[in-house]
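Below is a short briefing on a single structure. Read it alongside the sequence and the coordinates.

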Amino acid sequence: MKKWLALILTCILAVASCAAAWAEAPEKAGSLTVAVTTPLTGNFFTSMWGNGSSDLDVRSMIHGYNLVQWNTSSGVFEHDRAVVSSIRAEKTANGQKYTIVLNDGLAYCDGTKITAWDYAFSFLLTTSPVWEELGANVRYPEFIFGCRNYAAGKSKVLSGVHVPADRMLEVTIDNSYLPFFYQEGLLDCVPYPIAEIAPGLEIADDGDGVYLKGDLTANLLRKSVLSEDGYRTHPKTTSGPYMLVSYEDGKAEFEINPYYKGNSKGKKPAIEKITMLSMASDEMARALKDGTVTLLNKVSDAKVIADCLAMADSGIASADYPRTGLSFISYNADRAPLDDPAVRQAIAYIADRDGVAEETLGGYGMKAAGYYGMGQWMYQLLSGKAQGVKADLQQKVSALKLDEIEAYDRDTEKGAALLDAAGWNLNENGEAFKAGTDLLRYRQTDSGLVPLKLTLAYAQGSAAGPALEGRLADSLKEAGIGLQAKAIDGSDLLNQYYRLSEPEYDMLFLASNFEVVYDPVLNFTTMDGKHVWKTSGLEDEQLWKLAADMRKTQGGDAAAYCRKWLAFEKRFSEILPALPMYTNTYYDFFTDALQDYPVKDTLSWPQAIVGASLTE
């Protein structure tokens with residue numbers, strides 16, 4: 001985290017050919033149990049059914065050999081030298097073409113050889129229009145030349161992807177998508193096995209682009225991907241450092257992939273077996289102390305942090321790192337009363353978010369003012385916390401101030417005024433509402449008086465639960481807003497958030513950690529020709545335009561990107577598709593038997609665990 005500005009100033013993909021250096025296989029031994037607070041929901045194949053952090057971690061464990069990686073120490077996207085021997089970029093009439101040469105010897109966990117055809121299949125698969133028939137939340141890679149026609153079913157050929165040879169892949173980024181600030185990150189792609197996902201089909205390239213020989217139908221994918229033991233929840237043929245051997249009752253078990261050749265640093269997994277499970281925050285410290293778990297990941301609960309830090313003399317080590325995400329309340333803004341921006345803003349002013357943050361995090365976090373996390377480089381730069389910033393860049397961003405974002409510091413009078421003006425100014429008798437005397441605000445409608453009562457759901461076991469049911473509900477009650485907060489199953493919560501099931505609550509409390517390629521355009525969908533924030537149902541063309549403008553920044557121009565990012569954050573705060581609650585410092589706690597675990601550098605335990613070992 002210390003060189004965040006060096007991180008993005010030279011976002012140029014390494015193009016030199018480099019032979020991969022494979023390390024000697026370490027001695028394999030031991031078993032590790034990892035406890036996380038976010039539930040595992042079984043979305044272990046793409047983010048099309050949700051992108052919860054625990055599912056994302058599982059995907060990082062079992063799907064490997066990505067074409068590119070984010071280098072946290074040098075701060076550039078670069079090709080993964082364990083996978084790619086060389087890469088060349090050139091301008092063409094259609095866009096920026098990347099010619100990628102793969103290393104030899106790549107294989108899935110069953111020994112099946114991985115070639116350029118596997119990566120081509122990944123692009124074809126995730127771009128297929130069939131997924132919409134299956135209710136998936138599709139993020140089409142529109143940056144690939146020809147994607148729009150292919151995804152719309154107008155062409156059987158994905159013209160922006162070619163396979164000239166078994167170890168050579170060509171990908172063309174469409175001119176309409178350029179410039180793109182994280183351009184090299186668009187080559188993010190892992191191989192998927194056609195034999196398991198689309199048995200009977202083949203990939204071909206007759207010169208116009210890659211295509212599938214055979215029909216990729218909804219029925220086929222229903223059986224291979226969405227069945228009870230399908231690739232979505234129980235992928236068998238994978239390419240990461242570990243392979244999934246069991247997933248049941250929210251617990252996943254992994255073993256070393258014997259064919260994994262190593263990561264870009266030549267490191268291979270040494271811990272033979274890993275178990276990952278979700279756990280309520282109040283159980284974590286005890287589980288670590290009695291040896292039930294070896295590693296606690298992304299701990300944010302103030303009490304758990306304090307309890308675990310107190311065990312430092314008892315063989316418990318720790319690592320802390322700023323979160324690249326936040327906790328927030330997602331508004332269902334397409335239904336009353338939250339379809340009124342005045343109500344959303346009033347809640348922001350009235351809710352005791354500082355109190356919720358303090359009760360949940362103690363001194364290990366802060367109230368969030370925008371759609372960002374304290375670990376993101378944009379916040380680090382504009383807050384003056386980034387180190388190693390060049391003087392000319394510092395001068396360019398000096399006029400950009402985070403306090404331009406409306407933080408909604410608690411002001412019950414402002415909140416009350418907004419509610420009054422929006423018509424929520426009556427009591428149950430139809431008389432003027434009086435704070436401190438009347439319990440609930442009402443509004444007159446054609447069908448009579450309607451109370452301002454809201455429902456909120458959060459995941460069972462959430463560390464914030466007591467504060468949501470107490471501090472948050474009490475602060476809203478003082479202003480005449482009724483709030484019923486309820487803990488529900490984490491999978492149900494995510495399904496409602498991603499609108500894979502009908503939302504039952506007015507608001508949902510969740511947490512999100514952002515990907516390195518920060519691209520809020522992907523949060524939008526198009527409905528009736530309008531751009532809608534998917535998870536809230538809120539339509540806003542201006543927010544979409546600001547997000548689209550942000551992504552169109554020239555790579556390496558950090559000052560321009562920050563200027564656009566600030567404009568996006570200001571608009572987000574104004575219309576509030578969601579209410580930012582807090583961002584914080586994460587802590588990992590583990591027994592001192594776990595050695596060589598550099599999570600501060602990787603910010604991800606699945607990456608940090610490769611090369612780590614367990615002592616007796």
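The second largest cavity of this predicted model holds about 30 Å³ of space. Its lining consists of F328, S330, Y371, Y497, W533, T535, F572 and A578. The largest cavity has a volume of about 1000 Å³.

**Cavities**

- Two cavities of 30 Å³ or more are present in the structure.
- By class, the lining of the second largest cavity has six nonpolar residues and two polar ones.
- The largest cavity is lined by 48 residues. Of these, S53, L510, A511, S512 and N513 lie nearest its centre.
- Several elements give two or more residues to the lining of the largest cavity. The helices are α2 (53-62) and α16 (490-497). The strands are β14 (295-299), β16 (325-331), β22 (507-513) and β26 (578-591).
- Which element gives the most to the lining of the largest cavity? Strand β22 does, with five residues.
- The lining of the largest cavity divides into 22 nonpolar, 19 polar and seven charged residues.

**Salt bridges**

- Across the whole structure, a search finds 18 salt bridges.
- K303 and D307 form one of them, with N and O 2.9 Å apart. Both residues lie in helix α9 (residues 302-309). They are four residues apart, which is about one turn of the helix.
- K303 counts as exposed because its relative accessibility is 59%, over the 50% cut-off. D307 has 33% relative accessibility, so D307 counts as partly exposed.
- K367 pairs with D409 in another salt bridge, where the closest N and O atoms are 2.7 Å apart. This pair links distant parts of the chain, 42 residues apart. K367 is in strand β17 (residues 365-367). D409 is in the loop between α13 (391-397) and α14 (412-421).
- Is K367 buried or exposed? K367 is buried, because its relative accessible area of 14% falls under 20%. D409 counts as exposed, at 51% relative accessibility.
- The side chains of K113 and D104 also meet in a salt bridge, at 3.8 Å from N to O. K113 has 51% relative accessibility, so K113 counts as exposed. D104 counts as partly exposed, at 43%.
- R88, E90 and K97 are linked in a network of salt bridges.

- Where is T41 found? T41 sits in the loop between β1 (29-36) and α2.
- T41 has a relative accessible area of 17%. That value is under 20%, so T41 counts as buried.
- The side chain of T41 makes a polar contact of 3.1 Å with the side chain of N43.
- A polar contact of 2.3 Å joins the side chain of T41 to that of D55.
- Which residues is T41 in contact with, leaving aside its neighbours within four places in sequence? They are D55, Y247, S491 and L494.

Notes:
Residues are numbered from 1 along each chain as its sequence is written. This is a predicted model: local features need pLDDT of at least 70, side-chain atom pairs count only at pLDDT 80 or more; totals for chains, interfaces and linings use all residues. Side-chain values use heavy atoms; hydrogens and water are left out. A salt bridge is a side-chain nitrogen of Lys or Arg within 4 Å of a carboxyl oxygen of Asp or Glu. Buried means under 20% relative accessible area, exposed over 50%, partly exposed in between (1.4 Å probe, protein chains only). On a 1 Å grid over the protein atoms alone, a cavity is a set of points where a 1.4 Å probe fits but cannot get out, and a pocket is an open set with protein on both sides within 12 Å along at least five of seven lines; lining residues have an atom within 4 Å of a point. Grid points are joined across faces, edges and corners, and a volume is the space filled by probe spheres set on the points. Ala, Val, Leu, Ile, Met, Phe, Trp, Tyr, Cys and Pro count as nonpolar, Asp, Glu, Lys and Arg as charged, and the others, Gly among them, as polar. A polar contact is a pair of N or O atoms within 3.5 Å; within protein, one must be able to donate a hydrogen and the other to accept it, and residues adjacent in sequence count only if both atoms are side-chain atoms. Contact means heavy atoms within 4.5 Å.
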